[in-house]
Amino acid sequence: MRTTITLFAVVVMFVLSWLPVFVIEIIQAFAIDWWKIPREVQLLWTFFGSFSSAANPLVYGFANSSYRREYKRLLTFKWKKKNPDRRDIDGSRTPSVAMATLNIPS
C-alpha cells in the first residue's frame with residue numbers, strides 16, 4: 001500500500017509540474033508566437049519543468065524512512081564523521097579497489 005501511495009504522489013507531482021509547461025507549449029503553438037509570451041511566463045515554464053526533478057526526492061523522503069534517515073544524516077553533516085569500525089566487503093579495514101583485467105589469449 002505504501003508503494004501505491006508513493007507512486008501516486010510521484011505521478012501527481014509529475015502532472016502538476018508538467019501540466020503548465022504543456023499548456024504554455026500548446027498556447028504558443030496555436031495561439032501566439034513565443035516572443036509575445038511575457039518573460040514571467042517563460043520563467044514559470046522553466047521553473048515548472050525543473051520542479052518535477054526536484055520534487056521526486058522530496059516525495060521519496062516523505063514516504064520512505066531510509067530516505068529520511070539519510071537526508072537527516074546528510075543535512076546534519078554526519079557524513080563527515082568517519083566510522084572507525086567500518087569494514088569493507090571482504091572484512092578488511094582498508095577499502096578495496098576492484099580492478100578488471102583483460103585476458104587476451106596469445
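Reply: Helices (H or I, at least four residues) and strands (E, at least two) are DSSP runs, numbered from the N terminus. This is a predicted model, in which local features need pLDDT of at least 70 and side-chain atom pairs count only at pLDDT 80 or more, whereas totals for chains, interfaces and linings use all residues. Residues are numbered from 1 along each chain as its sequence is written, and side-chain values use heavy atoms, with hydrogens and water left out.

Me: What is the confidence in the chain and its elements?

Reply: The pLDDT, the predictor's confidence in each residue from 0 to 100, has a mean of 76 over the chain, and 73% of the residues reach 70 or more.

Me: What makes up the chain over residues 7-31?

Reply: That stretch is 96% helix and 0% strand, with end C-alpha atoms 35 Å apart. UniProt, in an unreviewed entry, lists residues 7-31 and 43-63 as "transmembrane region"; such annotations may be inferred rather than shown by experiment, and their positions are given in the numbering used here, with feature names shortened. Residues 43-63 are 100% helix and 0% strand, and their end C-alpha atoms are 30 Å apart.

Me: How do you know that the length of helix H1 agrees with its residue count?

Reply: The expected span of a helix is 1.5 Å times one less than its number of residues, so the 29 residues of H1 (residues 2-30) should span 42 Å, and the 41 Å between the end C-alpha atoms agrees with this. H2, with 25 residues, reaches 36 Å from its first C-alpha to its last, close to the 36 Å expected.

Me: Where are the kinks in H1 and H2?

Reply: The bend at a residue is the angle between axes fitted to the seven residues ending there and the seven starting there. In H1 a kink of about 35° lies at tryptophan 18, shortly before proline 20, and in H2 a kink of about 35° is centred on serine 52.

Me: Why is serine 17 called buried?

Reply: Buried means under 20% relative accessible area (exposed is over 50%, partly exposed in between, with a 1.4 Å probe and protein chains only). Serine 17 has a relative accessible area of 1%, and therefore counts as buried. Contact, meaning heavy atoms within 4.5 Å, joins serine 17 to Phe48, Gly49, Phe51 and Ser52, leaving aside its neighbours within four places in sequence.

Me: Why does serine 52 count as buried, and what does its side chain meet?

Reply: Serine 52 has 10% relative accessibility and so counts as buried. A polar contact is a pair of N or O atoms within 3.5 Å; within protein, one must be able to donate a hydrogen and the other to accept it, and residues adjacent in sequence count only if both atoms are side-chain atoms. At 3.1 Å, the side chains of serine 52 and tryptophan 18 are joined by a polar contact.

Me: Which elements cover the buried residues of H2?

Reply: The cover includes H1 and helix H3 (65-75), while the buried residues of H1 pack against H2 (39-63).
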